[in-house]
Amino acid sequence: MFDKICDIIADQLRADPADITEDTNVMEDLGADSLDVMEILVAIEDNFGVAVSDDEIPNLKTVRDIVEYVESNM
């Protein structure tokens, strides 16, 4: 799960997947803006069939947060 989400994030942000860990903060560490985050979440929804509610978006700061959310909502 982590590897696939890491690949999605790296692809969206043109980042090196080797630089992304579970503790990586998508906005602070990778320089994503709110549009980038939305594009990442749409790609995750498409790949995993998980709907991310607008209320949850502010809670998804680190890669670990995203992985845990996807795992618990599949």
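Where is the place of R14 relative to α1 and α2? In this predicted model, R14 is placed in the loop that runs between α1 (2–13) and α2. The backbone of R14 has a phi near 55 degrees, a positive value in a residue other than glycine. Most residues other than glycine have a negative phi. The relative accessible area of R14 is 78%, and because this value is over 50%, R14 is classed as exposed.

Although buried, D36 has no salt bridge, and the nearest side chain of opposite charge, that of R14, is 7.5 Å away. When neighbours within four places in sequence are left aside, D36 is in contact with L13 and G31. As for the spacing along the chain, the C-alpha atoms of D36 and V52, which are 16 residues apart, are separated by 15 Å.

Side chains of opposite charge can pair when their charged atoms come close. The structure holds two salt bridges. In one of them, the side chains of E22 and R64 meet at 3.2 Å, taken from N to O. Since E22 lies in the loop between α1 and α2 whereas R64 belongs to helix α3, this pair ties together parts that are 42 residues apart in sequence. The side chains of R64 and D23 also meet in a salt bridge, with an N to O distance of 2.3 Å. Here D23 lies in the loop between α1 and α2 and R64 in helix α3, so the parts tied together by the pair are 41 residues apart in sequence. Through shared partners, the salt bridges join E22, D23 and R64 into one network. With regard to accessibility, E22 counts as partly exposed at 32%, and R64 likewise counts as partly exposed, at 30% relative accessibility.

The loop between α2 and α3 (63–72) contains T62, for which a relative accessible area of 18% was computed, and T62 is accordingly classed as buried. Apart from its neighbours within four places in sequence, T62 is in contact with E22, D23, T24 and N25. Two of these contacts of T62, E22 and D23, are also members of the salt-bridge network with R64.

A further contact of T62, N25, is one of the residues that line the largest pocket. The volume of this largest pocket is about 160 Å³. Its lining comprises N25, V26, M27, E28, S34, V37, M38, I57, P58, L60 and K61. By residue class, the lining of the largest pocket divides into seven nonpolar, two polar and two charged residues.

Methods. Residues are numbered from 1 along each chain as its sequence is written. This is a predicted model: local features need pLDDT of at least 70, side-chain atom pairs count only at pLDDT 80 or more; totals for chains, interfaces and linings use all residues. Side-chain values use heavy atoms; hydrogens and water are left out. Buried means under 20% relative accessible area, exposed over 50%, partly exposed in between (1.4 Å probe, protein chains only). Lys and Arg count as positive and Asp and Glu as negative; His and the chain ends are not counted. A salt bridge is a side-chain nitrogen of Lys or Arg within 4 Å of a carboxyl oxygen of Asp or Glu. Contact means heavy atoms within 4.5 Å. On a 1 Å grid over the protein atoms alone, a cavity is a set of points where a 1.4 Å probe fits but cannot get out, and a pocket is an open set with protein on both sides within 12 Å along at least five of seven lines; lining residues have an atom within 4 Å of a point. Grid points are joined across faces, edges and corners, and a volume is the space filled by probe spheres set on the points. Ala, Val, Leu, Ile, Met, Phe, Trp, Tyr, Cys and Pro count as nonpolar, Asp, Glu, Lys and Arg as charged, and the others, Gly among them, as polar. Helices (H or I, at least four residues) and strands (E, at least two) are DSSP runs, numbered from the N terminus.
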